[in-house]
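Morning, everyone. Please look at the model on the screen while I talk.

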Amino acid sequence: MKKHIRLFMVDDHPFILSAYKNTVDRFRPDEYSVAHTEAADAREAYLAIKNNSNFDVAFLDISIPPSPEHHVYSGLDLANILKEKMPACKVVLLTMHTEKVRFQEVIDQVNPAGLIIKNDLTFEELLNAFEQILQNNNYYSESVMKIIQDNDTTNP
């Protein structure tokens, strides 16, 4: 019997959402079935979280159009809402920006299961990350690890 995975994806670029969906759909199709819920901004994402009982994995872009009426200004805010409402959901944060995000602070504040710089992302990288997360391992992309290590050596 296949294991059912409920995947929540938030990104304001439709092409990126399609790429995530198409990639994850190829992950061990004989073993897993994946149901997708998508949102393009903080408002849609907030409502999807409010109206769904549970997600297993969430791919959240850190930089998304905000929803001031829901007090959601980024994927970090969504991650914290998800962790409160669905503590078992494995949150993976994705970003294009390396200069705007302090990764150690993100890890300390959100403690995501994954943190990936989109420039590191390939088909294989996303599948590897997805597999690691499903196995209850954390996954940080190579660039994230390098930035964290560089920060550790410059800030003793």
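A crossing of two helices is left-handed if the near helix is turned anticlockwise from the far one by less than a right angle, and right-handed if clockwise. Helices here are DSSP runs (H or I, at least four residues), strands are runs of E of at least two, and both are numbered from the N terminus. With that, α3 passes α4 in a right-handed crossing.

Some ground rules. This is a predicted model, where local features need pLDDT of at least 70, side-chain atom pairs count only at pLDDT 80 or more, and totals for chains, interfaces and linings use all residues. Residues are numbered from 1 along each chain as its sequence is written, and side-chain values use heavy atoms, with hydrogens and water left out.

Back to the helices. Helix α3 covers residues 75-85 and helix α4 covers residues 103-110; their axes come within 10 Å and cross at roughly 25°. Axes are lines fitted to C-alpha atoms, for helices over the stretch in contact, and angles run from 0 to 180 degrees between N-to-C directions. So α3 and α4 are roughly parallel to each other. The cut-offs: under 35 degrees is roughly parallel, over 145 roughly antiparallel, 65 to 115 roughly perpendicular, and the rest oblique.

Who touches whom? From α3, we have Leu-76, Ala-79, Asn-80 and Lys-83; from α4, Val-106, Gln-109 and Val-110. Contact means heavy atoms within 4.5 Å. By class, the contact of α3 with α4 holds four nonpolar, two polar and one charged residues. Nonpolar means Ala, Val, Leu, Ile, Met, Phe, Trp, Tyr, Cys and Pro; charged means Asp, Glu, Lys and Arg; the others, Gly among them, are polar.

Next pair. α1 and α5 pack at an angle of about 65°, with their axes 10 Å apart. That makes α1 roughly perpendicular to α5. Their crossing is right-handed. Tyr-20, Thr-23 and Val-24 of α1 meet Phe-123, Leu-126, Leu-127 and Phe-130 of α5. The classes are six nonpolar, one polar and no charged.

Now the rings. How many aromatic pairs does the structure hold? Five. Rings of Phe, Tyr and Trp (its six-membered ring) pair if their centres lie within 6.5 Å; planes under 30 degrees apart are stacked, over 60 edge-to-face, the rest tilted. Take Phe-27 and Phe-130: their ring centres are 5.2 Å apart and their planes sit at 85°, so the pair is edge-to-face. This pair links distant parts of the chain, 103 residues apart: Phe-27 is in the loop between α1 (14-24) and β2 (32-39), and Phe-130 is in helix α5 (residues 123-134).

Buried or exposed? Phe-130 is buried, with a relative accessible area of 1%. Phe-27 is buried too, at 6%. Buried means under 20% relative accessible area, exposed over 50%, and partly exposed in between (1.4 Å probe, protein chains only).

Phe-59 also pairs edge-to-face with Phe-130, at 6.1 Å centre to centre and 75° between the planes. Phe-59 lies in strand β3 (residues 57-61), 71 residues from Phe-130. Ring pairs link Tyr-20, Phe-27, Tyr-32, Phe-59 and Phe-130 into a cluster.

Finally, two residues. Thr-23, in helix α1, is buried at 9% relative accessible area. Leaving aside neighbours within four places in sequence, Thr-23 contacts Phe-123, Leu-126 and Leu-127. Ser-141 sits in the loop between β6 (139-140) and α6 (142-154). Ser-141 is buried, with a relative accessible area of 0%.
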